[in-house]
Amino acid sequence: MKVLGIETSCDETGIAIYDSEQGLLGDGLYSQIEIHAKYGGVIPELASRDHIRKTIPLINQVLTESNLTRLDLDAVAYTAGPGLVGALLVGASIGRSLAMGLEIPAIGVHHMEGHLLAPMLEPDPPDFPFVALLVSGGHTQLVKVEGIGRYELLGESLDDAAGEAFDKVGKMLGLPYPGGPQVARLALKGVANVFEFPRPMVNRPGLDFSFSGLKTSVRNKIQKELINGKLDPQTAADIARGFEDAVVSTLAIKCKRALEFTGLSTLIIAGGVSANLQLRKVLEAAVLETQSRLYYAQPKYCTDNGAMIAYAGAMRLIAGERTDLEIEVRPRWSLESLSTI
Ligand code: KG4
Ligand code: ZN
């Protein structure tokens, strides 16, 4: 079954074709970073308008590059939520209409289920059950995963998501949007332990997270270190390093706790922040200690992309799921409410 995947939930137009027999046949991504960078964050209306401009040309481009035509498609999967309502409606409208025109089935996919299953696209995919750490711009969640649609939320952020904290700290340090990869790059030049920031909520039982206090500590530290309104470049790098270490070690402590709590020995990380090299390094060490294994997707499938939507859609379509002709998107949508396949 060849499934066209369409991702338009935020600021990236992602298109891919996944074949249940041959794997990924092609994918393409158009990032709107340049459009939103001058505002320091995503402007939803501009995101929707740009998805309208880019989605159909990108579908055509990916089909051509894969030596396929629309008539080769067996189904269409599109992100139906969570995300920005206008942006979601673009992908859903195009995806559902294309499927209707071609008289093939369509399915609305949960964006975080897409992220969660992205490591399955790698040559050595994990087996169920596992613990998943989902770390994106909008979500920080620990989930016990026993199969597709068998999700138990173990803990989540009570305030900012990990990616959001990275983005806000990036802004405070005067870095361009999105801050995550920029803070990570700056942190490489920083010295560890020059600035020690709190590891939020690690001394409390449970698996929830909170990153807003950490963000405030970073803001206060930046204020204190300013000289004539400016931050010395090495100080900025040391702050970036201190912040990244605090986020990474907090995530690692909670991941270890989740593995112990569930008795499972497989951990997967997914979502934009799972591209962070320091997080991967620290978690590799943590799973060794607990005789567990760590899995993640290649960087381009950690951040938003069409491949994860095509894959998640294909799994549900093969199980017989279909979305009817009504075009429905869900800006807020709980992962636990998904059906089991
Ligand atoms: O999954 P994603 O592409 O979009 C959402 O579903 O939110 O995640 C985007 C988030 C942004 O906050 C971005 O700054 C962060 O992932 N991110 C990173 C890195 N790459 C992307 N954060 C830290 N280190 C990175 N290397
Ligand atoms: Zn995402």
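Colleague: Which relative accessible area counts as buried, and where does Cys255 fall?
Modeller: Buried means under 20% relative accessible area. This is a predicted model, and in it Cys255 has 1% relative accessibility. That value is under the cut-off, so Cys255 counts as buried.

Colleague: How many disulfides does a search of the whole structure find?
Modeller: A disulfide needs two cysteine sulfur atoms within 2.5 Å. The sulfur of Cys10 has its closest cysteine sulfur in Cys302, 16 Å away, which is too far for a bond. For Cys255 the closest cysteine sulfur is also in Cys302, at 14 Å, again too far. The search of the whole structure gives a count of zero.

Colleague: How many residues apart are His115 and Asp304, the pair that links distant parts of the chain?
Modeller: His115 sits in helix H4 (residues 111-117). Asp304 sits in the loop between strand E10 (293-296) and helix H10 (306-318). Both residues are buried, and the pair is 189 residues apart.

Colleague: Which residues are closest to ligand 1?
Modeller: Ligand 1 is surrounded by 19 residues. H4, helix H5 (162-172) and helix H6 (179-187) each supply at least two residues of this shell. By class, the shell has six nonpolar, eleven polar and two charged residues. The closest are His115, Gly137, Asp167, Asn276 and Asp304.

Colleague: What share of the accessible area of ligand 1 does the protein cover?
Modeller: Polar atoms of the protein meet oxygen atoms of ligand 1: a side-chain atom of Asp167 at 2.6 Å, a backbone atom of Gly180 at 3.1 Å and a backbone atom of Gly138 at 3.4 Å. On its own, ligand 1 has 550 Å² of accessible area. The protein covers 87% of it.

Colleague: Where is Pro178, and what is omega for the peptide bond from Tyr177 to Pro178?
Modeller: Pro178 lies in the loop between H5 and H6. The bond from Tyr177 to Pro178 is cis. Its omega is near -5°.

Colleague: Which loop holds Pro129?
Modeller: The peptide bond from Phe128 to Pro129 is cis, with omega near -5°. Pro129 lies in the loop between H4 and strand E6 (130-135).

Colleague: Is Gln291 buried or exposed?
Modeller: Gln291 is in the loop between helix H9 (277-289) and E10. Its phi is positive, about 50°, although Gln291 is not a glycine. Exposed means over 50% relative accessible area. Gln291 has 69%, so the answer is exposed.

Colleague: What is the relative accessibility of Asn193?
Modeller: Asn193 is in the loop between H6 and H7. Its phi is near 65°, a positive value in a residue other than glycine. Asn193 counts as exposed, with a relative accessibility of 56%.

Colleague: How far apart in space are Gln223 and Val131?
Modeller: Gln223 lies in helix H7 (residues 212-225) and counts as exposed at 53% relative accessibility. Gln223 and Val131 are 92 residues apart in sequence. C-alpha to C-alpha, the distance is 38 Å.

Conventions:
Residues numbered from 1 in each chain as written. Chains lettered and ligands numbered in written order. Predicted model: local features only at pLDDT ≥ 70, side-chain atom pairs only at ≥ 80, totals over all residues. Heavy atoms only, no water. Helix = DSSP H or I, 4+ residues; strand = E, 2+ residues; numbered from the N terminus. Buried < 20%, exposed > 50% of the residue type's maximum accessible area, 1.4 Å probe, protein only. Near = heavy atom within 4 Å. Polar contact = N/O pair within 3.5 Å; in protein donor to acceptor, adjacent residues only side chain to side chain. Areas by Shrake-Rupley, 256 points an atom, 1.4 Å probe, with all protein chains shown as cover. Nonpolar A, V, L, I, M, F, W, Y, C, P; charged D, E, K, R; others polar.
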